[in-house]
Amino acid sequence: MVLEAFFGGYYVTITRSITPILLVVSGYAAEDLLLLNGFAGLASLFTALSIRRVLENIKDIRYYLLISHITERALWVLVPVFSWSKQYVVLLYSAAVLASTSTGIAMSTSFYSLFRDRAYRDLIAYRTSMSSVASVLAQITALIALAAMEGFQKYILLYTTAFAVGLVSSTLLLFTPPIKLGLRETRLPVIDESEVRATITYLLLVSLLSASSTLNIVWVPRLIKDLNAPDYMVVALGLTQIVTNIFASMFWRMRSLGSHRVAVAGLSIAPLLVYFSPITVAHLGIAVFYSFSMVGTNLYAATMYAGVVNKIGALRSGLMLSTSNALALTISGFIGYALSFNTAYVFILASLFGAIGLVIGLIAMPEIAVVSREHSRFYARILYMSSIASYNFVMFTVVETAIITLRLIGLILGILLLFLIYKMIHYITILAR
C-alpha cells in the first residue's frame with residue numbers, strides 16, 4: 001500500500017494540479033470551475049450508495065479496487081482531449097471524480113479492514129510521506145514541461161505520462177493479499193458514542209474539506225488572472241505544498257491528538273491570507289502554512305474513524321471518509337458559484353467553512369475541544385441529533401418534491417395527449433365531411 005501511494009501520488013499530482021491550470025488557460029473562469037466541481041461532487045454522492053451495496057456483496061474487494069483504479073486513470077487522461085467543450089468536460093470531469101470517489105471508498109475500506117488504530121495511523125503517515133516524495137518528482141516534471149514547452153502539446157504529454165505511471169500503482173494492487181471486509185456494520189443505538197463520534201467527525205471533515213476545495217479552486221485564477229503569474233508559478237506553489245507534506249505528515253504523527261486543533265484553525269485563516277497577499281512569492285509561504293494545516297486535519301479525521309471502525313464497520317468508515325470529499329465538492333461548488341460574482345465573497349466563504357469546522361472541533365471533539373469532556377459529549381449529541389433531523393427533513397423534502405414533479409409531468413403529458421386526440425378527432429371529422 002505504501003508503494004501504491006508512491007506511484008499513485010505521481011499520477012494524482014499531475015492530473016489534479018494541472019487540470020485547474022489547463023482549464024483556466026483554456027478560458028474557464030473561477031465560476032466555471034466551481035460549477036464543474038459542484039456537478040462532479042453531486043454525481044459522486046448519488047452513486048455512493050450503489051457503490052456501498054456492491055461492496056457489501058463482494059467477498060474480496062481487491063478486484064473491484066483494481067477495476068476502479070484503472071477506470072479512474074483512463075478517465076482523467078481524457079480531460080485535456082475534451083477541454084475545448086464545456087459540455088463534454090462537465091460529463092468527463094464528473095465521471096472522473098465519480099471514479100475517484102469509488103476508488104477512495106474501496107481504498108479506505110481496505111485500509112480499515114487490514115489495519116487498526118496505531119498501525120492505521122502509521123500507514124497513513126507513511127503513505128503521505130511516500131506520496132509527497134513522488135509528488136515532488138511530479139511537480140518538477142510539470143514545472144519543467146510548462147516552462148520549457150509551448151502550446152497545448154505539453155498538457156497532453158503530462159497527462160499521458162501520469163497515466164502510464166498510474167498504471168504501475170494499479171499493477172501493485174495485484175500483489176496485495178485478499179481484502180475482506182470482515183466485521184460488517186452493526187446496528188447501534190441512536191445515541192451510541194461511536195455513532196455520535198463518527199457523525200461529528202464527518203461534519204468536521206465536510207466543513208474543512210469545503211474550505212479546502214473552495215480555496216483550491218479560486219487560488220489558481222487568483223494567481224494567473226489577478227496577479228498575472230505564469231502557469232509554472234502555480235506548479236511551483238503545488239511543489240511547495242507537497243514538499244511541506246513530507247515533513248508535515250511525520251510532524252503530526254509524533255504529536256498528540258490535542259495539538260491538531262492548531263491545524264484545524266489554520267484552514268480558516270489560509271483563504272484570507274491568499275486573498276490579501278498581492279505579492280506572488282508570498283503565496284509560497286502561505287502554501288507551507290496551508291499544507292501543514294491540511295495534513296494535520298486529515299490525519300486527525302482519519303484517526304477518529306479508525307478508532308470507531310470496530311463499532312460501525314470498515315465499509316461504513318471508508319464510505320464516510322471518502323464521500324466527505326464529494327459532499328464538500330458539492331457544497332463548495334454550488335454555493336461558491338452563487339457568490340462568484342465577487343471573488344472576495346468566495347474567499348470569505350472558504351474562510352467561513354473553516355471557521356465552522358473549527359467551532360465543531362472546539363466544542364464537540366473531546367481530543368481538541370476547549371471545553372470539558374462532559375460538555376463536549378453533550379454538544380456532540382446536540383449536533384448529532386440536529387444533523388439527523390436536518391437529514392431527514394431534506395430527504396423528506398427531496399422525495400416529496402420529486403413525487404410532486406413526477407405528478408405534474410404526468411398531468412402535463414396527459415393534457416397534451418388529450419389535446420392531440422382532440423385535434424386528431426377534429427381533423428378526422430373535417431375529412432369525413
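Is Phe292 buried, partly exposed or exposed? I found Phe292 partly exposed, at 27% relative accessibility (buried is under 20% relative accessible area, exposed over 50%, partly exposed in between, with a 1.4 Å probe and protein chains only).

I noted that this is a predicted model, in which local features need pLDDT of at least 70, side-chain atom pairs count only at pLDDT 80 or more, and totals for chains, interfaces and linings use all residues. Residues are numbered from 1 along each chain as its sequence is written, and side-chain values use heavy atoms, with hydrogens and water left out.

Entry on aromatic pairs. I looked up the aromatic pairs and found 7 in the structure (rings of Phe, Tyr and Trp, the last by its six-membered ring, pair if their centres lie within 6.5 Å; planes under 30 degrees apart are stacked, over 60 edge-to-face, the rest tilted). One of them joins Phe251 and Phe292 edge-to-face, at 5.6 Å centre to centre with 80° between the planes. Phe251 belongs to helix 8 (residues 231–253) and Phe292 to helix 10 (residues 282–312), so the pair ties together parts 41 residues apart in sequence (helices are DSSP runs of H or I, at least four residues, numbered from the N terminus). Phe251 is partly exposed, at 31% relative accessible area.

I then turned to Tyr275 and Phe276, an edge-to-face pair with 5.1 Å centre to centre and 80° between the planes. Tyr275 is partly exposed at 25%, whereas Phe276 is exposed at 62%. Tyr275, Phe276 and Phe347 form one aromatic cluster.

Entry on helix 7. I recorded that helix 7 (residues 193–226) packs with helix 9 (residues 261–275) at about 20°, the axes being 10 Å apart (axes are lines fitted to C-alpha atoms over the stretch in contact; angles run from 0 to 180 degrees between N-to-C directions). The two helices are therefore roughly parallel (under 35 degrees; over 145 is roughly antiparallel, 65 to 115 roughly perpendicular, the rest oblique). The contact (heavy atoms within 4.5 Å) includes Trp219 and Arg222 of helix 7 and Pro271 and Tyr275 of helix 9. By class, I read 11 nonpolar, no polar and 1 charged residues there (Ala, Val, Leu, Ile, Met, Phe, Trp, Tyr, Cys and Pro are nonpolar, Asp, Glu, Lys and Arg charged, the others, Gly among them, polar).

The axes of helix 7 and helix 12 (residues 343–364) come within 8 Å and cross at roughly 160°, which makes helix 7 roughly antiparallel to helix 12. Arg222 of helix 7 and Phe347 of helix 12 are among the residues in this contact. I read its classes as 15 nonpolar, 6 polar and 1 charged.
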